[in-house]
Amino acid sequence: MCSVLMSIKPEYVQGIMSGRKIYEFRKKACKRTVDRIYIYSTVPVKKIVGEAEIESIIVDTPEELWKITHKGAGIKKEFYDRYYENRGEAVAYKLINIKKYKKPKNLSELGIKTAPQSYQYVEE
């Protein structure tokens with residue numbers, strides 16, 4: 001079992017927690033096989049607010065990935081297109097069993113000193 005801490009903007013965290021956003025998009029896939037993410041809500045929250053299991057990881061061209069994920073993307077197509085501009089590959093993590101913490105956690109509770117730019121593996 002391998003977990004990662006992913007930094008996600010609060011507006012997208014809200015989408016994940018409400019169930020509107022079931023895919024988390026990244027420009028590159030994690031090198032290790034990951035089955036869970038810890039959701040770190042960035043500024044101004046700056047806390048780990050929940051976690052989710054990864055059902056699948058989809059890697060495809062940005063155009064094909066959007067066709068597969070658009071109903072659960074939780075983001076606007078314009079933002080998606082800007083994010084993947086000039087990229088030949090796009091990655092989506094399909095999230096399931098999303099759990100919101102009653103009390104958000106500090107990074108130190110996972111043994112992490114600073115928030116990652118994108119993601120960081122969590123040793124458990």
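How many aromatic pairs does the structure hold? The answer is eight, with rings of Phe, Tyr and Trp (its six-membered ring) pairing if their centres lie within 6.5 Å.

## Ground rules

This is a predicted model: local features need pLDDT of at least 70, side-chain atom pairs count only at pLDDT 80 or more, and totals for chains, interfaces and linings use all residues. Residues are numbered from 1 along each chain as its sequence is written, and side-chain values use heavy atoms, with hydrogens and water left out.

## Aromatic pairs

Take Tyr12 and Phe79: the ring centres are 5.6 Å apart and the planes sit at 35 degrees, so this pair is tilted (stacked is under 30 degrees, edge-to-face over 60, tilted the rest). Tyr12 belongs to helix α1 and Phe79 to helix α3, 67 residues apart; helices (H or I, at least four residues) and strands (E, at least two) are DSSP runs, numbered from the N terminus. Tyr12 is buried at 16% relative accessible area, while Phe79 is partly exposed at 26%. Here buried means under 20%, exposed over 50% and partly exposed in between (1.4 Å probe, protein chains only).

Phe25 and Tyr80 go edge-to-face, 5.4 Å centre to centre with 80 degrees between the planes. Phe25 is in strand β2 and Tyr80 in helix α3, so the pair ties together parts 55 residues apart in sequence.

## Helix α1

Along α1 (residues 10–18), the buried residues are Tyr12, Val13, Gly15 and Ile16. They span an arc of only 155 degrees around the axis, which puts them on the same side of α1; the arc is taken from the directions from the helix axis to the C-beta atoms. Exposed Glu11 and Gln14 sit on the face turned away from that buried side.
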